[in-house]
Amino acid sequence: METTESTRTVQTPRSRRGSVIGGLLPFIGVILFIGATILQFAGGVEDDGGPTFLANAIVYLIGWAGVGAGISHIFFGRRISQTIGFDKSPYELEVGFADLAMGIVALLASGYGPDFALAVILSNAIFRIGCGIGHIRAMIRDRNFAINNTAILFIDFAVPAFLVATYYSVWA
């Protein structure tokens with residue numbers, strides 16, 4: 001629960017815990033990717049682990065992250081908007097379906113060739129970078145430094161750069 005004293009917001013321990021959990025939610029794909037990759041490579045991989053590494057990156061950084069973000073935006077939009085520092089909007093549903101669509105397509109990508117993987121990576125990168133630009137704009141214009149308007153910038157910029165670089169290191 002939040003209380004306002006003049007212009008300062010004070011959070012109770014429960015709302016701080018919710019902020020921490022809400023702040024970790026966008027990183028679920030990164031967490032899953034790191035965990036799955038460590039377990040898979042610890043168990044042994046063929047000589048050229050590059051395609052396996054790239055498949056893991058697509059499945060977790062776009063696939064499961066997109067499915068999770070889609071479900072969050074579609075079914076818990078009001079709460080997600082609060083963690084981003086945005087007002088609830090009808091666009092929340094549209095962003096949710098875009099995330100869900102990219103997530104599902106990324107989960108299917110491992111069954112297709114490198115060209116399909118590149119299409120998934122590029123479409124997700126364009127979407128994420130566009131979202132990142134919107135978050136930076138909100139920081140500058142609205143002074144919005146909410147946890148999921150700032151921490152998400154890593155996901156919006158570093159993850160697409162990592163995926164593109166990994167793709168080209170494996171398939172170039």
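Helices (H or I, at least four residues) and strands (E, at least two) are DSSP runs, numbered from the N terminus. Every view below comes from a predicted model, in which local features need pLDDT of at least 70, side-chain atom pairs count only at pLDDT 80 or more, and totals for chains, interfaces and linings use all residues. Residues are numbered from 1 along each chain as its sequence is written, and side-chain values use heavy atoms, with hydrogens and water left out.

Figure 1. Along the sequence the elements run β-β-α-α-α-α-α-α-α-α, giving 2 strands and 8 helices. Of the 172 residues, 38% count as buried (under 20% relative accessible area; exposed is over 50% and partly exposed lies in between, with a 1.4 Å probe and protein chains only). Contact here means heavy atoms within 4.5 Å. Among the contacts with a separation of 6 or more, 66% join residues 24 or more positions apart.

Figure 2. The structure holds 7 aromatic pairs. For such a pair, the ring centres of Phe, Tyr or Trp (its six-membered ring) lie within 6.5 Å; planes under 30 degrees apart are stacked, over 60 edge-to-face and the rest tilted. Phenylalanine 33 and phenylalanine 162 pair edge-to-face, at 5.8 Å centre to centre with 65° between the planes. This pair bridges distant parts of the chain, 129 residues apart: phenylalanine 33 sits in helix H2 (residues 28-42) and phenylalanine 162 in helix H8 (residues 152-171). Phenylalanine 33 is buried, at 8% relative accessible area, whereas phenylalanine 162 is partly exposed, at 30%. Both belong to one aromatic cluster, formed by Phe33, Phe41, Phe53 and Phe162.

**Figure 3. Helices H3 and H4 where they cross.** Two packed helices are described by the angle between their axes and the distance between the axes. The axes of H3 (residues 50-75) and H4 (residues 77-84) come within 5 Å and cross at roughly 105°. These axes are lines fitted to C-alpha atoms, for helices over the stretch in contact, with angles from 0 to 180 degrees between N-to-C directions. H3 and H4 are therefore roughly perpendicular (65 to 115 degrees; under 35 is roughly parallel, over 145 roughly antiparallel and the rest oblique). On the H3 side, Ser72, His73 and Phe75 make the contact; on the H4 side, Gly77, Ile80 and Ile84 do. These residues divide into 3 nonpolar, 3 polar and no charged. In that count, Ala, Val, Leu, Ile, Met, Phe, Trp, Tyr, Cys and Pro are nonpolar, Asp, Glu, Lys and Arg charged, and the others, Gly among them, polar.

**Figure 4. Inside the largest nonpolar core.** A nonpolar core is a set of buried Ala, Val, Leu, Ile, Met, Phe, Trp, Tyr and Cys residues joined through side-chain atoms within 4.5 Å. The largest one has 19 residues, with Ile58, Leu61, Ile121 and Leu163 making the most contacts inside it. H2, H3, H5 (91-109), H6 (114-142) and H8 each supply at least two of its residues. Beyond its neighbours within four places in sequence, isoleucine 121 touches Leu54, Ile58, Ile62, Leu163, Val164 and Tyr167.

**Figure 5. Alanine 106 in helix H5.** Alanine 106 is found in H5 and is buried, with a relative accessible area of 0%. Its contacts, leaving aside neighbours within four places in sequence, are Ile58, Val59, Ile62, Gly63 and Val120. The C-alpha atoms of alanine 106 and isoleucine 121 are 8.2 Å apart.
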